[in-house]
Amino acid sequence: MKRVLLTCAAMLFATPLFAAGWTVDDLGSMGERSACMSRAEATMKQYFVDHGGKESIGKSEWTLGGYGLRGNVINALIICPIEGGMVAPFLIVHNSDNDNDARKVVADRVKAIWANKN
C-alpha cells in the first residue's frame, strides 16, 4: 500500500500540469493503527498550538489531515496504512502556491512534533 501511494506521489511530481508542490516523508513504523491515529491527531493539534492558525483537522479510519497550516495554501496529511502487518505512517504536505521553501518548513515542523509525541 505504501509503495503504491509513494509511486502515485512520485508521478504527481513528474506531471507538469501541477504547479503546486508535494513533500512525502516516511514516519517509521508502529504496531497499531489506533496508536498512529492518536499520535497523528496529537501532532496536528500541537502544530496549531505551536505555530498558530485556526485548527482545522479532518480524519478517516486511517488518515488525518491538517488544513491551513500556512494560510490556505499548505495542507498536510498523515496516513496510517498497514503494510506487512505493521502500520507504516507517512506524511504528505501539499502547497497550492509556488513557495516550496515554506512547504519544506511546514513538513519539518510536523515531523519534529511527530518525533516528540512518542
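At roughly what angle do the axes of helix 2 (residues 33-51) and helix 3 (residues 100-116) cross? In this predicted model, the two axes cross at roughly 125 degrees and come within 9 Å. The chain averages a pLDDT of 87, and 84% of the residues score at least 70, while the structure holds 8 salt bridges.

**Packing of helix 2 and helix 3**

- With axes that cross at roughly 125 degrees, helix 2 and helix 3 are therefore oblique to each other, and their crossing is right-handed.
- On the side of helix 2, the contact is made by Cys36, Arg39, Ala40, Thr43, Gln46, Tyr47, Asp50 and His51, and on the side of helix 3 by Val106, Arg109, Val110, Ile113, Trp114 and Ala115.
- Sorted by class, the residues in the contact of helix 2 with helix 3 are 8 nonpolar, 3 polar and 3 charged.

**A salt bridge from helix 2**

- One of the 8 salt bridges in the structure is formed by Glu41 with Lys59, whose closest N and O atoms are 3.0 Å apart.
- This pair links distant parts of the chain, since Glu41 lies in helix 2 and Lys59 in strand 2 (residues 57-59), 18 residues apart.

**Confidence along the chain**

- Among the elements of the chain, strand 3 (residues 63-66) has the highest mean pLDDT, at 98, whereas helix 1 (residues 2-14) has the lowest, at 46.
- Over residues 4-18 the pLDDT stays under 50, and for this stretch the model has 10 contacts beyond four places in sequence.

How values were computed
Residues numbered from 1 in each chain as written. Predicted model: local features only at pLDDT ≥ 70, side-chain atom pairs only at ≥ 80, totals over all residues. Heavy atoms only, no water. Axes fitted to C-alpha atoms, helices over the stretch in contact; angles between N-to-C directions. Helix = DSSP H or I, 4+ residues; strand = E, 2+ residues; numbered from the N terminus. Parallel < 35°, antiparallel > 145°, perpendicular 65-115°, else oblique. Left-handed = near helix turned anticlockwise from the far one by under 90°. Contact = heavy atoms within 4.5 Å. Nonpolar A, V, L, I, M, F, W, Y, C, P; charged D, E, K, R; others polar. pLDDT = per-residue confidence, 0-100. Salt bridge = Lys/Arg side-chain N within 4 Å of Asp/Glu carboxyl O.
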